[in-house]
Amino acid sequence: MNSVTAAQSARKIIRFLRRKKESLSPLLILTHDYPDPDALASAYALHYMAAQAFGIQSRIAYGGIIGRVENRSMVHILKLPVHKLRAGDIRKYENVALMDTQPGFENNSFPANRRPAMIIDQHPFVTKPDAALTIIDTECGATCVVLAQALLILKLEIPAPVATALAYGILTDTLNLYRSPRPDVIKTYLDILRFCDMRALAKIQNPARSRKFFTTLGKGIEQAMMKRGLMISKLGDVESPDLIAQVADFLLTYKGAHWAMCLGRFKGKLHVSLRMEKSQVTASEILRDIFFDRRDAGGHDVIAGGSFYIGSKAGANVWEEAEDQLIERILKRLRIPAKVEFYHPFRGKIV
Ligand SMILES: [Mn+2]
């Protein structure tokens, strides 16, 4: 059992920044690719704290794109100073802080042969990562809880955009605080909430959705197939990997679905999202078990994701084979008998 509190981790970060402030500036704060609200909020809070309390200049960068419409509206409404990672960035910056990810994870653009200055993450590691400061708190609910604690401990003024980003990061990563095992997670959220812009938060949570979102969701529903509480949907090519996660989230809400797995193709990679109802087993462990390389998957207790390269010029049969293999493996892993047939719950006559 992990008995660390967010405050203990936060104090470690503060001590580290205080001790290293001269040598850390300028700092590159790198999130995982296709950053989610937690990664964005963590990076933004570190960026703000480093400058305000320690005079450390930093730049926030992310690989991939910000795909999910809520996340784009978060960046837009809160005016988050985040930038797409440029080709020379990692070479240029001696100091890199990895947020909500770790070196060696497939989900970030950090080279495996470099040692980051800082790692602040909540995901269980496969091999213990090495950095000047490593904070991995697997029970903090969201990585940004630790950063929020640091701001509170420093008694820094917390501007509304920073607080709003943190609150949204905590809400999304903990499924509205449902998945927050420790009382200090809820306490941190409540402490931050009074600095929030609630109007901005509501706007971020209810963005206007594109036609692409609806057509992808429509395809996800049409393609959905079910077998003993496991719902699987193959989306084919998608415009952004975030859509795969969103469709998986949605399909899991179907009555009787205990598991939802969505597969989608994006830029030569097969992306997989796995969602589960309860967490007697860990979703990320299951996804790792069925992947060909365990390092390509990660996540939490009820949410997991991963991707691996198939090839941008690969033929349809190569993609299908990889998808079918994953489906075969998840059935085995969940001990669902092969002889039970899949059925399409949303096809056919509507009565
Ligand atoms: Mn996170």
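Which helix gives the largest share of the lining of the second largest pocket? Hold that thought for a moment, everyone.

Quick housekeeping. This is a predicted model, where local features need pLDDT of at least 70 and side-chain atom pairs count only at pLDDT 80 or more, while totals for chains, interfaces and linings use all residues. Residues are numbered from 1 along each chain as its sequence is written, and side-chain values use heavy atoms, with hydrogens and water left out.

OK, back to the helix. It's helix 11, residues 283-290, with three lining residues. Helices here are DSSP runs of H or I with at least four residues, strands are runs of E with at least two, and both are numbered from the N terminus.

The pocket itself has a volume of about 320 Å³. A pocket, on a 1 Å grid over the protein atoms alone, is an open set of points where a 1.4 Å probe fits, with protein on both sides within 12 Å along at least five of seven lines; lining residues have an atom within 4 Å of a point. The volume is the space filled by probe spheres set on those points. Of its 15 lining residues, T138, E139, R179, H300 and D301 are the closest to the centre. Domain 1 (6-205) and domain 2 (211-333) both contribute to the lining, so this pocket lies between them. Those bounds come from an automatic or database domain assignment.

D100 sits in the loop between strand 4 (95-99) and strand 5 (118-121), and Q122 in the loop between strand 5 and strand 6 (133-136), so the pair ties together parts 22 residues apart in sequence.

Buried or exposed, then, for D100? Buried, at 1% relative accessible area, and Q122 is buried too, at 3%. Buried means under 20%, exposed means over 50%, and partly exposed is in between, using a 1.4 Å probe and protein chains only.

L40 lies in helix 2 (residues 37-54), and is buried at 1%. Its C-alpha is 8.2 Å from that of L80, 40 residues apart along the chain. D184 lies in helix 7 (residues 183-193) and is buried at 18%.
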